[in-house]
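Me: Could you take me through this model and tell me what stands behind each label? I like to see the cut-offs next to the values.

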Amino acid sequence: MALQARLIDWNLPAEEAIQRARATPEMIAQWKADQADNRSHLWEFSGEAEGYLVTRVEQTDTGLEMVLVAATGKNARPVIRWAMELARKHGFESIRTHITRPGLQRIYEAEGWTERERILEVRPNGR
């Protein structure tokens, strides 16, 4: 079954799914506001993959970059390929995402992605 992608407005099933992927209510509120201002988009996938993806467009020194902000669901590979094709069609210079799961990193790398940076964190208040 082919991958089906469609832009949607925020709804309870999407919000609950994205929250299970460790998004906070504050993050979701920001993404909703960004969508209202056309700065981010919420996609729903069905068919070959199922789930949701939040994307954003940012201006970099070299051009426009698509950011895969948050995602949840099953079968990431077709969604990654879809995002790459969408970026090609619309002339994006690059696509960026931040991930924490090594298995997911291997899937991205198999699709030609490379590590660009590492993020370090400290919690000075222990939270």
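Me: What share of the contacts in the protein chain, between residues at least 6 apart in sequence, joins residues at least 24 apart?
Reply: That share is 54%, where contact means heavy atoms within 4.5 Å. Bear in mind that this is a predicted model, where local features need pLDDT of at least 70, side-chain atom pairs count only at pLDDT 80 or more, and totals for chains, interfaces and linings use all residues. Residues are numbered from 1 along each chain as its sequence is written, and side-chain values use heavy atoms, with hydrogens and water left out.

Me: Which pattern does the protein chain follow along the sequence?
Reply: The order is β-α-α-β-β-β-α-β-α, with helices (H or I, at least four residues) and strands (E, at least two) taken as DSSP runs numbered from the N terminus.

Me: How much of the protein chain counts as buried?
Reply: 34% of the 127 residues do; buried means under 20% relative accessible area (1.4 Å probe, protein chains only).

Me: What makes a nonpolar core?
Reply: A set of buried Ala, Val, Leu, Ile, Met, Phe, Trp, Tyr and Cys residues, joined through side-chain atoms within 4.5 Å. The largest one has 19 residues, and Ile 95 and Trp 113 are among those that touch the most other members. Helix H3 gives the most to this core, with 7 residues.

Note on methods:
Buried means under 20% relative accessible area, exposed over 50%, partly exposed in between (1.4 Å probe, protein chains only).
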